[in-house]
Amino acid sequence: MSKPTITLIGPGAIGAALAAGLIEAGHDPTLVTRTAFDRLCVDWPAGSVDVAVDCVTDAAQVEPADVVIVATKATQNEAVSDHVRAAVRPDSMLLIAQNGVDHCDRFDVAARVVPAIVMLPSERHGPGRATVGSPSRLVIPADAAGAEVAAIFEGSFIDVETSDDWTSAAWLKLMMNAAVGGIGVLARRGSDVFHDGGALELLGALMEEVAAVGRAEGAVLAADLPSQLQRYQAANAGGHTTSI
């Protein structure tokens, strides 16, 4: 059986990691980027890739693909909307590998949209260059499309986990992104900021607020989950800077 054609839009920190996983799994993805580069060089704990790649920068040069992966920041979606429209056709699968909970509303295209929660601690060093830590995981809904995504990454360092309650999993991740990432951005610091008692107290309050909204939207989040995550962050402060 022939492999699907794959176009990945946004090979930054997360996108480079996903592209490396696709290449390790035997695919040859086309990379759509603002800055073209000749080679993709990505390291992860158990391996690496250093390969020549094809990059496209102009939406007019993007061709339709079986699978289209969007790995930009959500704030960049408007800038890549023409590229996405050029890459998808009605039978394409559009995998949106971004933070948040509203993936299916982000692009007005005729395609099968698959939302993905991204667990990829990746650091970008320059165009086409990144280092990925652990865990390396995508969480997607447990359905037929989810099985297709799992098959695409089979044999790579990226694990694909399917969830029967994707909404709850997405809000759990958003608790971390909104609180940890938000404080990190405002403080202009990595997770070492949570050695500070005031920052740790604010972290707990923000997580409680996100959890309350998530529960109102149907997510199942335990009452003590914010305090559990707060304690985890306190115990693991330092050594990581959020991509946000």
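These legends describe close-up views of one predicted model. Residues are numbered from 1 along each chain as its sequence is written.

**View 1. An open sheet of four strands.** The strand order is S4-S3-S10-S9, with mixed pairing. Strands (E, at least two residues) and helices (H or I, at least four) are DSSP runs numbered from the N terminus. Two strands pair if DSSP finds at least two bridges between them. Strands S4 (47–52) and S9 (122–126) stand at the edges; each has a single partner strand, so one side of each lacks a neighbour in the sheet. From one strand to the next, the twist averages 15°. Axes are lines fitted to C-alpha atoms, for helices over the stretch in contact, and angles run from 0 to 180 degrees between N-to-C directions. S9 and strand S10 (residues 129–132) run antiparallel, joined by four bridges. Gly126 has Arg129 in S10 as its bridge partner.

**View 2. Helix H1 against the sheet.** Helix H1 (residues 13–24) packs on the sheet and touches strand S3 (39–44), S4, S9 and S10. Contact means heavy atoms within 4.5 Å. The direction of H1 makes about 90° with that of S3.

**View 3. Two nonpolar cores.** A nonpolar core is a set of buried Ala, Val, Leu, Ile, Met, Phe, Trp, Tyr and Cys residues joined through side-chain atoms within 4.5 Å. Buried means under 20% relative accessible area, exposed over 50%, and partly exposed in between (1.4 Å probe, protein chains only). The largest core has 37 residues. Leu18, Leu40, Val42, Ile69, Leu95 and Phe153 have the most contacts inside it. H1 gives the largest share of this core, eight residues. A second, separate core of 20 residues includes Ala219, Leu225, Leu229 and Ala237.

**View 4. Strand S11 and its partners.** Four of the five residues of S11 (residues 137–141) are buried, so the rest of the structure largely encloses this strand. S11 pairs with strand S8 (residues 112–119) in the antiparallel sense, over three bridges. Here Ile117 stands opposite Val139. S11 and strand S12 (residues 159–163) run parallel, joined by five bridges. Val139 has Glu161 in S12 as its bridge partner.

**View 5. Lys173, a buried charge.** Lys173 lies in helix H4 (residues 166–187). Lys173 is buried yet has no salt bridge. A salt bridge is a side-chain nitrogen of Lys or Arg within 4 Å of a carboxyl oxygen of Asp or Glu. Lys and Arg count as positive, Asp and Glu as negative; His and the chain ends are not counted. The nearest side chain of opposite charge is Glu161, 12 Å away. Beyond residues up to four places away in sequence, Lys173 touches Asn99, Ile117, Val118 and Met119.

**View 6. Salt bridges.** The structure holds eight salt bridges. Arg39 pairs with Asp50, their closest N and O atoms 2.8 Å apart. Arg39 is in S3 and Asp50 in S4, so this pair ties together parts eleven residues apart in sequence. Arg85 and Asp82 form another, at 2.4 Å. Both lie in helix H2 (residues 77–87), three residues apart, about one turn of the helix.

Methods. Predicted model: local features only at pLDDT ≥ 70, side-chain atom pairs only at ≥ 80, totals over all residues. Heavy atoms only, no water.
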